[in-house]
Amino acid sequence: MQTEKVVDHIVNWLKEYATNARVNGFVVGISGGIDSAVTSTLCAKTGLNILCVEMPIHQAPSHVTRAQEHIAHLKQKFDNVDDTRTDLTPVFEEFKTEVFFDGDQATIDMALANTRARLRMTTLYYYAGLYKLLVAGTGNKVEDFGVGFYTKYGDGGVDLSPIADLMKSEVYKLGEFLQVPESIMKAAPSDGLFGDARSDEDQIGATYPELEWAMQMDEEGKTENNLSGRELEAFKIYKRFNTSNKHKMVPIPICKIPSNFK
């Protein structure tokens, strides 16, 4: 990958899109992970206004520390970057007092995890409306189009997606080129939706290199035939997530009314 050319291409694309949309810049949710770090840096390089937003909800201390380190690093390098912190923990706790809990604990925990992402999306759009900004998505290609590892109308609710055509490994290459803090480069990827430091691998059951390999296999039309051991297991994990999360990756279905009914 020609990293510098990719960076320049994304930055120019962001700037052109924002200019045509007649907005002032971008708002990015900062999680302390590689995807939001790279996305916010690319946005900052446009020279337009950038608002970095921290939105903790019972967040793991390591996530908070990395997010704050990145924001400080970004503000040192770019004078067009501003930041704010919105603690959504009280909002989340109040929400829980107004809903009923029916089902097994794992189902409840997942519903609440997705609620965290949707509260954050609402917050980003509040600031976007306030300052005439676009919400920049932080999803990469594996998450957005491979396993669908994001929350529908949560972190999937964005105005544009600068890194959604890049594999996770490619995002890391951009992170290195953009001099993202080492603590973020070395941290295990995590969605930060459960209040602890559990990684994406803990939840998915496969590493990003394995998922990238499986995604490539699937795009080439290959099947699990002739696979065995860990390769077979990783491919099955990928296919299971890809199938169950397909509703996130395709356009919302529309019930078409026959013309003779109108």
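In this predicted model, Ile34, Asp35, Val38 and Leu42 of helix H2 are in contact with Lys168, Val171, Tyr172, Leu174 and Gly175 of helix H7. Sorted by class, the contact of H2 with H7 comprises 6 nonpolar, 1 polar and 2 charged residues.

**Packing of H2 and H7**

- Two packed helices are described by the angle between their axes and the distance between the axes.
- For H2 (residues 34–44) and H7 (residues 168–177), the packing angle is about 55° and the axes lie 10 Å apart.
- H2 is therefore oblique to H7.
- The handedness of the crossing between H2 and H7 is left-handed.

**Burial of H2**

- Of the 11 residues of H2, 11 are buried, so this helix is largely enclosed by the rest of the structure.
- The buried residues of H2 include Ile34, Asp35, Val38 and Leu42, and these four residues also meet H7.
- Also on the list of buried H2 residues are Ser36, Ala37, Thr39, Ser40, Thr41, Cys43 and Ala44.
- An α-helix has 3.6 residues a turn, so residues three or four places apart point the same way.
- Among the H2 residues that contact H7 are Ile34, Val38 and Leu42.

**Packing of H4 and H5**

- Helix H4 (residues 89–97) and helix H5 (residues 105–131) have axes that come within 11 Å and cross at roughly 130°.
- This geometry makes H4 oblique to H5.
- The crossing in which H4 passes H5 is right-handed.
- On the H4 side, the contact is made by Val91, Phe92, Phe95 and Lys96, and on the H5 side by Leu112, Thr115, Arg116 and Leu119.
- By class, the contact of H4 with H5 contains 5 nonpolar, 1 polar and 2 charged residues.

- Isoleucine 237 belongs to helix H11, which spans residues 229–244.
- The relative accessible area of isoleucine 237 is 7%, so this residue counts as buried, the cut-off being under 20%.
- When residues up to four places away in sequence are not counted, isoleucine 237 touches Ile204, Gly205, Ala206 and Arg230.
- Leucine 211 is 26 residues from isoleucine 237 along the chain, and the C-alpha atoms of the two residues are separated by 8.4 Å.

Methods. Residues numbered from 1 in each chain as written. Predicted model: local features only at pLDDT ≥ 70, side-chain atom pairs only at ≥ 80, totals over all residues. Heavy atoms only, no water. Axes fitted to C-alpha atoms, helices over the stretch in contact; angles between N-to-C directions. Helix = DSSP H or I, 4+ residues; strand = E, 2+ residues; numbered from the N terminus. Parallel < 35°, antiparallel > 145°, perpendicular 65-115°, else oblique. Left-handed = near helix turned anticlockwise from the far one by under 90°. Contact = heavy atoms within 4.5 Å. Nonpolar A, V, L, I, M, F, W, Y, C, P; charged D, E, K, R; others polar. Buried < 20%, exposed > 50% of the residue type's maximum accessible area, 1.4 Å probe, protein only.
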